[in-house]
Amino acid sequence: MVNPQQINNVTGNNKTDEFYYCLTLGDLWTIMQADWPLIRDMFATDAVLGFTFTKTMFNDTLRVIKETRNELFHSNPIKDRKKIVDACERILNGLQFHLGDYDHDLGATQYVRVPATVARAQRHVIPAR
């Protein structure tokens, strides 16, 4: 960062995490790859996980997450939901972050589309892909 205002926004007391909020997923991934020996210690041990969590596995997992992020950002459907759920669960399990009570609530969640309050002209209606 070269802009003094940006630097000021992320430095100082109680702002240690602010820098990371300014990063894209790709930026964060690059930092984590470069510092893998330090980053690996953030995750549970292989014995706890039940598998070897290598840098290659981490990169493959983040690649799935990033590709899915791009699909969603560009309003495309998710190609392989099982693959992205597995990737997210692998990261969450690695960080030993569990949704706990939310698992039941989220499992029963249903999306309901809210009807438009203003009718659109037919030429502006975007067809589903």
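## Helix α6 and its neighbours

Helices α3 (25-34), α4 (36-39) and α7 (81-94) are what the buried residues of α6 pack against. Those buried residues are Phe58, Asn59, Thr61, Leu62, Val64, Ile65, Thr68 and Glu71. Here, buried means under 20% relative accessible area, exposed over 50%, and partly exposed in between (1.4 Å probe, protein chains only). Helices (H or I, at least four residues) and strands (E, at least two) are DSSP runs, numbered from the N terminus.

Before going further, please note that this is a predicted model, in which local features need pLDDT of at least 70 and side-chain atom pairs count only at pLDDT 80 or more, while totals for chains, interfaces and linings use all residues. Residues are numbered from 1 along each chain as its sequence is written, and side-chain values use heavy atoms, with hydrogens and water left out.

## The chain as a whole

The protein chain has eight helices and zero strands, so its pattern along the sequence reads α-α-α-α-α-α-α-α. Of its 129 residues, 19% count as buried. Among contacts (heavy atoms within 4.5 Å) with a separation of 6 or more, 44% involve residues 24 or more positions apart.

How far apart are the end C-alpha atoms of helix α6? They are 26 Å apart, which agrees with the 27 Å that its 19 residues (55-73) should span at 1.5 Å a residue. The expected span is 1.5 Å times one less than the number of residues.

Two packed helices are described by the angle between their axes and the distance between the axes. For α3 and α6, the angle is about 180 degrees and the axes are 11 Å apart. That makes α3 roughly antiparallel to α6. On the α3 side, the contact is made by Leu25, Gly26, Trp29, Met32 and Gln33, and on the α6 side by Lys55, Phe58, Asn59, Leu62, Arg63, Ile65 and Lys66. Axes are lines fitted to C-alpha atoms, for helices over the stretch in contact, and angles run from 0 to 180 degrees between N-to-C directions. Angles under 35 degrees count as roughly parallel, over 145 as roughly antiparallel, 65 to 115 as roughly perpendicular and the rest as oblique.

## Rings

There are seven aromatic pairs in the structure. In one of them, the rings of Trp36 and Phe43 have centres 6.3 Å apart and planes at 35 degrees, so this pair is tilted. Phe53 and Phe58 have ring centres 6.3 Å apart and planes at 85 degrees, so this pair is edge-to-face. Rings of Phe, Tyr and Trp (its six-membered ring) pair if their centres lie within 6.5 Å, with planes under 30 degrees apart counted as stacked, over 60 as edge-to-face and the rest as tilted.

Trp36 and Phe43 are buried, and so are Phe53 and Phe58. Elsewhere, the charged end of Arg69 sits over the ring of Phe73, 4.4 Å from its centre. The criterion is NZ of Lys or CZ of Arg within 6 Å of the ring centre and within 35 degrees of the ring normal.

## Phe43 in its loop

Phe43 lies in the loop between α4 and α5 (46-49), and its relative accessibility is 6%. Which residues does Phe43 touch, not counting residues up to four places away in sequence? They are Met32, Trp36, Phe53, Phe58, Ile91, Gly94 and Leu95. Phe43 and Asn93, 50 residues apart in sequence, have C-alpha atoms 8.4 Å apart in space.

Although Ser75 is not a glycine, it has a positive phi of about 60 degrees. Is Ser75 buried or exposed? At 57% relative accessibility, Ser75 counts as exposed.

Gln96 is in the loop between α7 and α8 (101-107) and has a positive phi of about 55 degrees although it is not a glycine. With a relative accessible area of 48%, Gln96 is partly exposed. Gln96 touches Ala44 and Val48, not counting residues up to four places away in sequence. The C-alpha atoms of Gln96 and Ala44 are separated by 6.7 Å, with the two residues 52 residues apart along the chain.
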